[in-house]
Amino acid sequence: MQRILHCIILLFLGFCTVAQNFNQDISDYTLRVDSVPFQLVNYEGFGPKPSGSPALDLTRDWLLKKYQQYGYAPQIDTFIYQGKKAYNIIVEKHGEDSNQWIIIGAHYDSVDESPGANDNGSGVVATLQIARIIRDLNPRVGVRVINFGAEELGYIGSSHYVNNTLKSTDSIQLMINLDQLGGTLGKDNSKIVCERDEFQNPSSNNELSALKTDTLATILTLYTDLTPVLSAAYASDYIPFESKGIVITGLYQESDYKDHYHQSSDRVSNMDVNATEEVIRGAVAATVYFSRVPTTAGINNRVYSKPIITPNPAQDNVIFPTINYPFQVQIFSNLGYLLMDKEMNVSDRLDVAFLPNGIYSVRISDLRNIQTSYSTLIIAR
Ligand SMILES: [Zn+2]
């Protein structure tokens, strides 16, 4: 997937109300992610996997076996491109509503030169983890996991699926695309791009995409250490879905991977596997949330009120009179940049004299990062 990342980066934190509250069950499901480094190494080990190659066939067979081990009967969606057979792999966890689905997609081919650990081994491993974890849950909305072939040739597999395989009776509530989720070794991997539909043809699905992408960003904030940034969907398998009017969103790890992009060095050894795992945990949380897995809301669902910051507007320092536990405070600029990150004790006074006049978003969490809430701070002198 070719990326131009400077399109639109918007502030997410602080300027929206959190659409949902932290839920302990969802958090627990994200902790079921395992084996990510091993599966990435397995995927990389097949070597470069261009469409039609024996390596891609081996990768397909490895995926089929994994899904079978997880208890699925995978379907193979065959298509012909440039005289060669190619394949999408589909597994389904049915929901209570028999024709309602979310689709989680990740292409499993790579370009000629590249073993594709990040592009798109990371997305492939995410789909394996999602399939394994959702198998034991009871979503209201079905979860259809698809590994697309021939993405690198121009979304051929996903176009085939949307135009030939997808049944008109299926109601697709959301397509979540996972392409390049891996961080880069030694770089800042703290941001995760949540991708929304800004295409105009059609534009009828843009508003819902924006809303669901906002929700996705909230989920990433609640259940991972990552900072979400919003950007336009671009050049991956969600595009054929978008063109059909389906509501799309996607995840992409924003880090400086350009030296390895579509190169022979796209290897696990050049990735930040911890960051990849964190993104995958976020993708699991999103799947659980959007497929409406029942959770024990009301028992474990904790509701936190917005913390009070006073004085506000402020000049030099502020206190947080309603917080009665040690906490972490983070202050973000209106471009989403982290300006301050500090651990605080009850009744500590926070020095904000370094901040110029302006409006800032403030993220407050307990030191285990379980209780999180947001507020706005105004500096006016
Ligand atoms: Zn890709």
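Modeller: The questions and answers below go from the whole chain to its sheets and strands.

Modeller: This is a predicted model, in which local features need pLDDT of at least 70 and side-chain atom pairs count only at pLDDT 80 or more, while totals for chains, interfaces and linings use all residues. Residues are numbered from 1 along each chain as its sequence is written.

Biologist: What pLDDT does the chain average?

Modeller: The score pLDDT is the predictor's confidence in each residue, from 0 to 100. It stays under 50 over residues 2-19 and over residues 298-304. Of the residues in the chain, 91% score at least 70, and the chain averages a pLDDT of 90.

Biologist: What is the radius of gyration of the chain, and how does the globule rule compare?

Modeller: The secondary structure comes to eight helices and 16 strands; helices (H or I, at least four residues) and strands (E, at least two) are DSSP runs, numbered from the N terminus. The globule rule, 2.2 Å times the number of residues to the power 0.38, is set against a radius taken over C-alpha atoms. For 381 residues the rule gives 21 Å, and the chain is close to that value, so it is as compact as a globular protein of that length; its radius of gyration is 21 Å.

Biologist: How far apart do the C-alpha centres of domain 1 and domain 2 lie?

Modeller: The chain is divided into domain 1 (24-290) and domain 2 (317-379), with bounds that come from an automatic or database domain assignment. The distance between their C-alpha centres is 34 Å.

Biologist: Which residue in the turn between β1 and β2 has a positive phi?

Modeller: Strands β1 and β2 pair in the antiparallel sense over seven bridges, and Phe79 stands opposite Ala86 in β2. The two strands form a hairpin with two residues between them, and the residue with a positive phi, about 50°, is Gln82.

Biologist: Why is strand β4 largely enclosed by the rest of the structure?

Modeller: A residue is buried if 20 or more other C-beta atoms lie within 10 Å of its own, exposed if 12 or fewer, and partly exposed in between, with C-beta atoms placed from the backbone. In strand β2, seven of the 10 residues are buried. Strand β4 (residues 141-148) is largely enclosed because its buried residues number eight of eight.

Biologist: Which residue in β4 is the bridge partner of Trp101?

Modeller: Strand β2 (residues 84-93) runs antiparallel to β4, with five bridges, and Ile89 is partnered there by Asn147. Strand β3 (residues 97-107) pairs with β4 in the parallel sense over eight bridges, and Ile104 stands opposite Val145. For Trp101, the partner in β4 is Gly142.

Biologist: What is the average twist from one strand to the next in the open sheet of four strands?

Modeller: This sheet has the order β13-β12-β15-β16, with antiparallel pairing. Its edge strands are β13 (338-344) and β16 (372-379). From one strand to the next, the twist averages 20°.

How values were computed
Pairing = 2+ DSSP bridges. Axes fitted to C-alpha atoms, helices over the stretch in contact; angles between N-to-C directions. Contact = placed C-beta atoms within 7 Å.
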